[in-house]
Amino acid sequence: QVQLVESGGGLVQAGGSLRLSCAASGSIFSISVMGWYRQAPGKQRELVALIKRGSSPDYSDAVKGRFTISRDNEKNAVYLQMDSLKPEDTAVYYCRQTAQTSWYSSYATYWGQGTQVTVSS
């Protein structure tokens, strides 16, 4: 069974930085897309950043220039470096990976448990 474990969330002052990590465990054949989503109370879940194999990362307008997504295919991990954090970045951040467990398996989407990021003024 594939499991995604997130870490790196916490409380930080505005202007500070955090680095989120998400590692997939279990039998992984290939991961096509890795991404980060976030959801704040009273708001819809939104895409923060994603990175597809062989493609450049995509970012939401709200985080462009401040966040950087990267992936380590060998470790089946995705990271989100968050710099110049703002109070409006406060949310629960969820890792998402779309992967195959074998070459003959269909793609499936896996979600992390979420990690809280709180940015104080």
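This is a short tour of a predicted model, stop by stop. Residues count from 1 along each chain as its sequence is written, and side-chain values rest on heavy atoms, with hydrogens and water left out. Because the model is predicted, local features need pLDDT of at least 70 and side-chain atom pairs count only at pLDDT 80 or more, while totals for chains, interfaces and linings use all residues.

**Stop 1: M34**

Select M34 in strand β4, residues 30-39 (strands are DSSP runs of E, at least two residues, numbered from the N terminus). M34 is buried, at 0% relative accessibility (buried is under 20% relative accessible area, exposed over 50%, partly exposed in between, with a 1.4 Å probe and protein chains only). Now show its contacts, meaning heavy atoms within 4.5 Å. Beyond four places in sequence, M34 touches residues including I51, I69, V78 and Q97. Then draw a C-alpha to C-alpha line from M34 to T109: 9.7 Å in space, for 75 residues in sequence.

**Stop 2: Q97**

Hop across to Q97, in strand β9, residues 91-100. Q97 is buried too, with a relative accessible area of 1%. Setting aside neighbours within four places, its contacts include C22, M34, T109 and Y110.

**Stop 3: the rings**

How many aromatic pairs does a search of the whole structure find? Two, where rings of Phe, Tyr and Trp (its six-membered ring) pair if their centres lie within 6.5 Å; planes under 30 degrees apart are stacked, over 60 edge-to-face, and the rest tilted. Select Y37 and W111: centres 5.3 Å apart and planes at 55°, so this pair is tilted. Y37 is in β4 and W111 in β10 (residues 108-111), so the pair ties together parts 74 residues apart in sequence. Y37 is buried at 15% relative accessibility, whereas W111 is partly exposed at 32%. Next come W103 and Y104, edge-to-face because their planes sit at 90°, with centres 5.5 Å apart. Both W103 and Y104 are exposed.

**Stop 4: the core**

Finish in the largest nonpolar core, with 29 residues (buried Ala, Val, Leu, Ile, Met, Phe, Trp, Tyr and Cys joined through side-chain atoms within 4.5 Å). W36, V48, F67, L80, M82 and Y93 have the most contacts inside it. Elements giving two or more residues to this core include β3 (18-25), β7 (67-72) and β8 (77-82).

Methods: Helix = DSSP H or I, 4+ residues; strand = E, 2+ residues; numbered from the N terminus.
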